[in-house]
Amino acid sequence: MKILVCISHVPDTTAKINFTDNDSAFDTNGVQFVINPNDEFGLTRAIWFKEQAGATVTVVNVGGPDAEATLRKALAIGADEAIRVNAAPTDGFFVAKQLAEVVKSGGYDLVIAGKESLDYNGGMVPGMLAALTGADFVNGCIKLDVNGSDATAIREIDGGKETLSAKLPLVIGGQKGLVEEKDLRIPNMRGIMAARTKALTILEPTGADAKTKAVKFEKPAPKSAVKLISPDNLDELVNLLHTEAKVI
């Protein structure tokens, strides 16, 4: 089984976020980038298939040279090879189009993507990728098993879970639960050394028009000061909840 894991190169959630060019561009200065958490769950599941069923695992990213450190980490975790499409990932459709070309040329049986990246939170790419490649699609996937060409997936739905059966080729949008957090892999020295010799192929992007454009970024309003109300003054508490917080 050939598995392709889509990797987004995203800012660490603890990083301080700033914008430049009149708030129209993200300022990357001093920001630590990591594997998108949803993608890391998918990568860990793919490595499990490699160890248990002999699958081959390729990771792919649409991004610039700065993303190669993130791809090398994925190789150190256990992926066999990496592909970087040399283009800025500014639009969901554009990214899906580039990934679709990689899928078609590589003949992958299973494509694992995070249901969304934690920078744009668009949640569009996995579904568009499935449509562009004609593959079955399961989003919000929290469990996946494959037996030959048959796959069984469990996804989260409103109020519960749903079990689905599908045929390969299959695209999934994975999330937390696809593996347990305790099962996430931390690269060891052997893996880091091996990653240096694994193939990292750079592809030029294919023609595709972006459908969206970031016009302006804006930070959330800072939290206001906390007001402390005496537990004996319930009337004042109710009044503030009504007139200021407007929650009742």
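Side-chain charge pairing was examined at the outset. Side chains of opposite charge can pair when their charged atoms come close. In the predicted model, the count comes to 9 salt bridges. One of them joins Glu51 to Arg185, with 3.0 Å between the closest N and O atoms. Glu51 belongs to helix α1 (residues 37-53), whereas Arg185 sits in the loop between β12 (170-174) and α5 (189-195), so this pair ties together parts that are 134 residues apart in sequence. Both partners fall in the intermediate class of accessibility: Glu51 is partly exposed at 48% relative accessibility, and Arg185 is partly exposed with a relative accessible area of 26%.

A further salt bridge is formed by the side chains of Arg155 and Glu162, at an N to O distance of 2.7 Å. Arg155 is partly exposed, at 26% relative accessibility, and Glu162 is likewise partly exposed, at 28%. Lys227 and Glu244 also form a salt bridge, their closest N and O atoms lying 2.8 Å apart. This pair links distant parts of the chain, 17 residues apart: Lys227 is in the loop between β13 (200-203) and α6 (234-243), and Glu244 is in the segment after α6. Lys227 has a relative accessibility of 53% and counts as exposed, because the threshold for that class is over 50%. Glu244, at 48%, counts as partly exposed.

Just after α4, Gly134 adopts a positive phi of about 75°.

Helix α3 itself contains Gln98. This glutamine is buried, with a relative accessibility of 1%. Apart from residues up to four places away in sequence, Gln98 touches Val62, Val85, Pro205, Thr206 and Ala208.

Phe41 lies in helix α1 and is buried, its relative accessible area being 7%. Between Phe41 and Val171, which are 130 residues apart in sequence, the C-alpha to C-alpha distance is 15 Å.

Gln175 is located in the loop between β12 and α5, the loop that also holds Arg185, the partner of Glu51. At 7% relative accessibility, Gln175 is buried. The side chain of Gln175 makes a polar contact of 3.0 Å with the side chain of Glu156. With neighbours within four places in sequence again left aside, Gln175 is in contact with Asn38, Phe41, Lys115, Gly140, Cys141, Ile142 and Glu156.

Conventions. Residues numbered from 1 in each chain as written. Predicted model: local features only at pLDDT ≥ 70, side-chain atom pairs only at ≥ 80, totals over all residues. Heavy atoms only, no water. Salt bridge = Lys/Arg side-chain N within 4 Å of Asp/Glu carboxyl O. Helix = DSSP H or I, 4+ residues; strand = E, 2+ residues; numbered from the N terminus. Buried < 20%, exposed > 50% of the residue type's maximum accessible area, 1.4 Å probe, protein only. Contact = heavy atoms within 4.5 Å. Polar contact = N/O pair within 3.5 Å; in protein donor to acceptor, adjacent residues only side chain to side chain.
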